[in-house]
Amino acid sequence: MVAPTPSVLLSIVTWNSAASIEACLASLLAQTYTDFTVWVTDNASADDTCARVAAVAARDARIQLYRLSANTGFCGGHNYALDRTRTEFVLLVNPDVELAPDYLARALQAMRRDARIGVVCGLLLQSHDADPRIDSAGMQALPDGRYCLRLYTRPLSTVDLQPGYVDGADGALPLLRRRYIDDLRVEGQFFDERFFAHKEDWDVAWRGQLYGWRTWFEPGCRALHPRVFRPGNLALRQRLAGAIKADAVKNQLLLLLKNAPAGRAWRTWLRALPRQLAIFTYLLLREPSSLRAYRYVWQHRRAVLASRWLVQARARRGWQPALGAPAPEPLLSICVPTYRRPELLARALRSVGPLPAEVELLVSDNSPRDDWRNPLVARYALRRQPAAQVRYYHNAPGGNSTTNWQACLRRARGRYVLMLHDDDYLLPGGLQRILQTLRHDPKPQAAYLFGVDIVDVGGRVLRRQPVPRAGYLPPAEALQAVLTNSSLVRIPALVAERRACLTLGLDPAQQGSDDTDLWMRLFARHGLQCVPARTAAYTIHPDAETTSFFNETGIGLLLRLFGKAERLGLLPFEQLEQAQSKFLHQFILAGVYRALRQRDLPAARQVLRLFELPELQHLAVPLRWLPARLGLTLWLLGSEWLPAPPHQLPAS
């Protein structure tokens, strides 16, 4: 039986936090409200933070440790946890905070006062003294686009604390509603990772106010937070690292550029100008290294203004109340992985047509963060789609096609997923045919394969690829099909059950063949339902990722895939050998065909020489591919370039 999902995520981001993390965790585990899980995301600490967390986690299964390979900052660390969980509430916890035992219970009680409350913050104190000084009691918005900590350093005995609404919550210990988190995402991110680790709570507070959310201060929620840095303390500023000082300048500019309300932005900037001029003068005279903040903003101006467009467009809609019960799980998630191909992306998004209520659309963009073309195209193409059914994510740098797939599967909510790469598109009526199949199949399957049109980049149909036969292929037959036919599955033609894909997972080591590896394992377990209808177009063009796979590296990855099939015992050895021979012959000859279509004779010869690799010498030549292999070998070795008749060549 699957354990129920905890209602609260407690998210901690650590970086060299060994001195305080154990006391923090002890205070979390002592909470009177116990239905929670703790994620500790470590930003590549150099001390023994991870060892200390692991020791506590060994005693309490609610604690999970995730080690990142680089320091992604406060923003990146919390986004890592927020993107991978779906709890109803999230408590962000600084590693130097110690909570009173009833903090979480009181905060949850306060959250349930009003559906418009997106954040609850408590009273943070600087010490355990009899009359401690206040660290924060929420935040107060200032006219120039800044926020300040309410009652900072005031002795507790000198103030009359009352619960009520405030302008924002300090990032050290806010309780967030999941719907608030999802509503505030911009390009997929709750925290703008350009902020890294300073003023990100100001950004969230301002955005929340623009969207109509409210923040509640609950003085009964108490915790210890011995803050060591206060903005504006110049003596302490001198001792800070250069990157932190530059970030403080940069982030204030980002705040103003993104969030100053449309129609009133000039007033906010007018009020901010004297302080901004003073900061610029100070940097010019005393801290020139921080002038790089202005260079950063200028270099990324298009991306920042694109974010502003999204923020202000959402702000114009105002408060968006939840409509009754939580939205049901969509039947289908259409995931569009993309990378720097705005024209093709526009074609793919337009092909979807009006979204039915049971479909969601996710765009997952691996383009550089300063590339504004894809976001602009996505926003324009999706402008008439229901806002609640579309999501656009601009991924962190350093990803690849595999990480993009993984992100799509993780973010999707549908029962089924369709991967529609930016260079492919749906045919007219294709989405309706897919939905009809999913709705009315009396025996729902884990994988459905449809037919496709094979097209060039201009959309000209090169040929039509039907399914091998209509009906259900049991696991052994489906496995045999995918391991003997390298072009059986065109990605936009396959609809798969999301949970089945997540359970099996993508193998990053397979790189460009990770999709075939997933289909192999999926079909071996669940079989394949073949539907005799063409629903999508699959594009062959020089810039397609598969074009760069026809080489020794690609062959090595495919041999690794067949080695995995052998280790898993998916097929008898002799049958697997025959399948491997058929698959690799079709694959290599298809690569020759693609090169010839591009009139690249040297590339065609190079691909054909893959048959000479020592690892392939044992392969028998299947009768089906013998004429094509002999013909192409003689033709390429003995003639100048001639147009190759496509009908004589294998499917690519």
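**Close-up views of a predicted model**

View 1. Arg 207 and Asp 203 pair up through their side chains in a salt bridge, with N to O at 2.8 Å; the term means a side-chain nitrogen of Lys or Arg within 4 Å of a carboxyl oxygen of Asp or Glu. This is a predicted model, where local features need pLDDT of at least 70, side-chain atom pairs count only at pLDDT 80 or more, and totals for chains, interfaces and linings use all residues. Residues are numbered from 1 along each chain as its sequence is written, and side-chain values use heavy atoms, with hydrogens and water left out. Both partners sit in helix 6 (residues 200-211), four residues apart, or about one turn of the helix. Helices here are DSSP runs of H or I with at least four residues, strands are runs of E with at least two, and both are numbered from the N terminus. Arg 207 and Asp 203 are both buried. On this scale, buried means under 20% relative accessible area, exposed means over 50%, and partly exposed is in between (1.4 Å probe, protein chains only).

**View 2. Arg 498 meets Glu 329.** The side chains of Arg 498 and Glu 329 form a salt bridge at 3.6 Å, N to O. This pair links distant parts of the chain, 169 residues apart: Arg 498 is in helix 17 (residues 498-504), while Glu 329 is in the loop between helix 11 (301-317) and strand 13 (332-338). Arg 498 is buried, as its relative accessible area is 10%, and Glu 329 counts as partly exposed at 38%.

**View 3. Strand 14 pairs with strand 15 through Glu 360 and Arg 391****.** In this salt bridge, the closest N and O atoms are 2.7 Å apart. Again the pair links distant parts of the chain, with Glu 360 in strand 14 (residues 359-365) and Arg 391 in strand 15 (residues 390-394), 31 residues apart. Glu 360 counts as buried because its relative accessibility is 4%, whereas Arg 391, at 24%, is partly exposed. Elsewhere, shared partners tie Asp 192, Arg 194, Asp 203, Arg 207 and Lys 258 into one salt-bridge network. The structure holds 30 salt bridges.

**View 4. Where domain 1 meets domain 3.** The chain splits into domain 1 (8-224), domain 2 (234-317), domain 3 (332-548) and domain 4 (557-638), with bounds taken from an automatic or database domain assignment. Six residues of domain 1 and eight of domain 3 take part in the contact, meaning heavy atoms within 4.5 Å. The C-alpha centres of these two domains, domain 1 and domain 3, lie 37 Å apart. About 740 Å² is buried between domain 1 and domain 3, and carbon and sulfur atoms give 41% of that; buried area is the accessible area (1.4 Å probe) that two parts lose on being put together, summed over both. The salt-bridge count between domain 1 and domain 3 is zero.

**View 5. Arg 67 in strand 3.** Arg 67 belongs to strand 3 (residues 63-67) and is exposed, with a relative accessible area of 59%. Leaving out residues up to four places away in sequence, Arg 67 touches Asp 42 and Cys 50. The C-alpha atoms of Arg 67 and Gly 77, ten residues apart along the chain, are 9.8 Å from each other.
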